[in-house]
Amino acid sequence: MKRILLMVFRNLIKVPFYWCKLCYMAAHVDKYTEEERYTFLKKIVNMANTGGNVTIKATGKENIPAESGYIIYPNHQGLYDALALIDVMDVPISAVIKQEAVGIPFIKQCVACLKAFGIDREDIRQSMRVINDVVKEVKDGRNYVIFAEGTRSKMGNKLLEFKGGSFKAAQKAKCPILPVALIDSFKPLDTDDIKPVTVQVHFLPPIPYEEYKDMKTVDIAVEVKRRIEETIEKNI
């Protein structure tokens, strides 16, 4: 909370304009292209980083597929995870987030601008509809972020188990899986600290469909987690 207040205080003059424009853009999504909406969100994230003493260090960007239509699978440390990815991803991304978060102010507007999906993990039918919608959009060339742990680990740089069901969308879309290791992304918004912090975003080599097509989703989950875990251990 302290860092959020710092972000707002240091950008006090800009906040009203950016908030009003974000709300308007979220309410009139189809008036703007995906690139326009995404560029605006990147400006907000950049402004928040500068005001909140947050630095993003990205490595492995050469591993990002040149052709859109892939799913990013990062570990899930905290509230800042999606913002860190938006900051370093040059091409538009969308996301699948838990339904409970969709109504939270700011997140609600970002979800609208990204045309993201809220998923209710307790509702099997709704979850399947979301997966099918993501599959269709990935096949059409959009890029999605899915947090395979399902929720924030709340254990710093330690991971929860990756859920096999999270990888059904990739299997159905027959798309590349892009593992991403996030380090210290829990510190900006999930700790009561305002000291300068560096968040690491490591893009790992993508896993092509041909490599995982004969694997069970639970086995894909284990393998993706292993790669991310190894990267985190090497860089903390």
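**Notes on the fold**

1. The seven strands of an open sheet run in the order β1-β7-β6-β2-β5-β3-β4, and their pairing is mixed. Helices (H or I, at least four residues) and strands (E, at least two) are DSSP runs numbered from the N terminus, and two strands pair if DSSP finds at least two bridges between them. The edges are held by β1 (54-59) and β4 (117-119), each with a single partner strand, so one side of each has no neighbour in the sheet. On average, neighbouring strands are turned by 25° against each other, direction ignored.

2. This is a predicted model: local features need pLDDT of at least 70, side-chain atom pairs count only at pLDDT 80 or more, and totals for chains, interfaces and linings use all residues. Residues are numbered from 1 along each chain as its sequence is written, and side-chain values use heavy atoms, with hydrogens and water left out.

3. Within the sheet, β2 (residues 71-74) and β5 (residues 144-146) pair in the parallel sense over two bridges. Ile71 has Tyr144 in β5 as its bridge partner.

4. Helix α10 (residues 217-235) lies across β2, β6 (177-183) and β7 (197-203), and runs at about 35° to β6. Axes here are lines fitted to C-alpha atoms, for helices over the stretch in contact (heavy atoms within 4.5 Å); angles run from 0 to 180 degrees between N-to-C directions.

5. The largest nonpolar core has 44 residues, with Tyr80 and Val201 making the most contacts inside it. A nonpolar core is a set of buried Ala, Val, Leu, Ile, Met, Phe, Trp, Tyr and Cys residues joined through side-chain atoms within 4.5 Å; buried means under 20% relative accessible area, exposed over 50%, and partly exposed in between (1.4 Å probe, protein chains only). Elements giving two or more residues to this core include α2 (15-27), α3 (34-51), α4 (81-88) and β3 (94-98). The most comes from α3, with seven residues.

6. A second, separate core of 32 residues includes Ile71, Val135, Phe162 and Ala181.

7. Which phi values deserve a look? Phe106, in the loop between β3 and α5, has a positive phi near 80° without being a glycine; Phe106 is partly exposed, at 30% relative accessible area. Lys174, in the loop between α7 (168-173) and β6, also is not a glycine and has a positive phi of about 55°. Lys174 counts as exposed, at 54% relative accessibility.
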